[in-house]
Amino acid sequence: MEVGYTHFDTAEYYAAGHSEELVGRAVRETKTKREDVFITTKVSPEHLNYNDVLNSCENSLRRLKMDYIDLYLIHWPSIGMKLEDAFRGLNKLVRDGKVKHLGVSNFKLKLVKQSQELSETPIITNQIPYSLPNRTYVENGVLEYCQQNDILITAYTPVKFRSVRVNKTLGEIAKAHAATPFQIALAWLVMQPRVITIPMSFNPQHIKENFDAAEIQLSAKEMTQLNNAWDKNDD
Ligand SMILES: NC(=O)c1ccc[n+]([C@@H]2O[C@H](COP(=O)([O-])OP(=O)(O)OC[C@H]3O[C@@H](n4cnc5c(N)ncnc54)[C@H](OP(=O)(O)O)[C@@H]3O)[C@@H](O)[C@H]2O)c1
């Protein structure tokens, strides 16, 4: 928060709710106004029915000690889930003002489209794994569909890959920008239309570097070089 981050990503699943407690505490103890932060949290796959969705949200709000969530996501689809039933609950939460926006996570194309039909308000994001070596959601068509349909891609696990320190192209571009390879990996994501990212770090220096990466401007040539610098499934 001191660095300037305003978007915090958590989930009922993370540390069995303790992550939400810490996010709430950080907002209160830094005396940050509620409207100055954007809180994303998520309902777990085992809670995807009407009553459980309502209960999960109540529990998240209680742990956060907040009266609304900015963005509420379905964390993962589950086998046999009744998406219609889950969205009945999610739509009610938006109508009741407990949730401002809805989104999904780890959803493939068919489920994204179903969610758009079931949601009374726009699905504003699909949170997916996306990084230089991980193009799964490019290959399955989700990235392009979301970009064309005004759905933000929230790229998770953006820098946790083995080759981040040794990929030659990444290293050279980092050097040219006096940046670290981690920063370039983040800049490559946020330079793309409708892509945001949520890096995680325990290290204050990394936290600052990740924030500053948003200012790095990569050229079209560098973007293409990075696009092509990993073979399929090459981490
Ligand atoms: N929706 C989902 O299913 C889902 C799944 C996974 C993750 N997520 C979300 O995405 C967030 C990030 O994903 P993630 O934690 O899996 O992966 P990540 O952010 O790509 O990687 C985190 C790791 O990278 C290191 N790191 C971060 N910035 C660095 C930097 N500038 N220089 C060097 N090392 C750096 C961190 O170590 P240090 O602590 O030492 O910096 C940490 O070990 C999670 O916190 C979570 O909110 C969502």
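**Exercise 1. Find which residues line the largest pocket and lie nearest its centre.**

Step 1. Start with the lining: 46 residues surround the largest pocket, and Tyr5, Ile198, Pro199, Met200 and Ser201 lie nearest its centre. Here a pocket is an open set of points, on a 1 Å grid over the protein atoms alone, where a 1.4 Å probe fits, with protein on both sides within 12 Å along at least five of seven lines; lining residues have an atom within 4 Å of a point.

Step 2. Now look at the elements that give two or more residues to this lining: strand S1 (7–9), helix H1 (18–29), helix H8 (181–190), strand S7 (195–197) and H9. Helices (H or I, at least four residues) and strands (E, at least two) are DSSP runs, numbered from the N terminus. H9 gives the largest share, 6 residues.

Step 3. Keep in mind that this is a predicted model, where local features need pLDDT of at least 70 and side-chain atom pairs count only at pLDDT 80 or more, while totals for chains, interfaces and linings use all residues. Residues are numbered from 1 along each chain as its sequence is written, and side-chain values use heavy atoms, without hydrogens and water.

**Exercise 2. Locate the ligand and name the residues that come nearest.**

Step 1. The ligand sits in the largest pocket, meaning that more than half of its atoms lie within 2 Å of the pocket's grid points.

Step 2. Around the ligand there are 23 residues, and Asp9, Val159, Ser201, His206 and Asn210 come nearest; a residue counts as near if one of its heavy atoms lies within 4 Å.

Step 3. Helix H9 (residues 204–212) supplies the largest share of this shell, 3 residues.
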